[in-house]
Amino acid sequence: MQIGEVAERTGLSLRTIRYYEEVDLVVPSARSQGGFRLYTEPDVQRLDVIKRMKPLGFQLEEMRELLGILDALSSGDDPDRDKHLDRLSGFWTAADERCQQLRAQLRIAEDFATTLRSHLPSD
């Protein structure tokens with residue numbers, strides 16, 4: 001599929017997808033004869049992983065590392081499997097902690113919105 005369809009499916013902008021290519025997080029699987037980027041389903045899934053890491057504050061190098069670990073583990077023949085699983089556990093812990101922080105921030109924001117609403121006249 002071409003970049004426009006990938007952008008539509010992932011909710012990422014064309015510019016963002018091109019940037020992720022530029023920093024080697026995702027590389028189109030092929031190019032058309034006209035030079036257009038062509039993506040496969042695994043490429044889209046990779047972009048979805050990146051998209052979900054972004055709001056949790058993961059840096060590009062962390063994204064690159066995690067994607068490499070996921071690639072190695074999915075290959076079925078990973079000589080560093082135990083090391084990768086340990087590191088994956090660390091990423092899970094970091095993601096879980098960041099989710100907890102975001103939930104706390106959301107509770108504060110919702111409380112603030114409720115406070116503002118209490119100052120408005122009732123309908």
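This passage describes the overall form of a predicted single-chain model and the surroundings of two of its residues.

The model is predicted, so that local features are reported only at a pLDDT of at least 70 and side-chain atom pairs only at pLDDT 80 or more, whereas totals for chains, interfaces and linings use all residues. Residues are numbered from 1 along each chain as its sequence is written, and side-chain values use heavy atoms, with hydrogens and water left out. The mean pLDDT (the predictor's confidence in each residue, from 0 to 100) of the chain is 94, and 100% of its residues reach 70 or more. Confidence is lowest in strand S1, residues 30–31, where the mean is 88, and highest in helix H5, residues 81–118, where it is 97.

The secondary structure comprises 5 helices and 2 strands, where helices (H or I, at least four residues) and strands (E, at least two) are DSSP runs numbered from the N terminus. From the N terminus on, the order of these elements is α-α-β-β-α-α-α. The radius of gyration of the chain is 19 Å, well over the 14 Å that the globule rule gives for 123 residues, so the chain is more spread out than a compact globule; this radius is taken over C-alpha atoms, and the rule is 2.2 Å times the number of residues to the power 0.38. Along its principal axes, the C-alpha trace spans about 60 × 40 × 20 Å.

Of the 123 residues, 26% count as buried, that is, under 20% relative accessible area, with exposed meaning over 50% and partly exposed in between (1.4 Å probe, protein chains only). Among contacts (heavy atoms within 4.5 Å) with a separation of 6 or more, 46% are accounted for by residues 24 or more positions apart.

His84, found in helix H5, is buried, with a relative accessible area of 14%. Residues up to four places away in sequence not being counted, His84 touches Ile69, Ala72, Leu73 and Asp78. Ala30, found in strand S1, is partly exposed, with a relative accessible area of 34%. With the exclusion of residues up to four places away in sequence, Ala30 touches Phe36, Arg37 and Leu38. Ala30 and Leu116 are 86 residues apart in sequence, and their C-alpha atoms are 52 Å apart in space.
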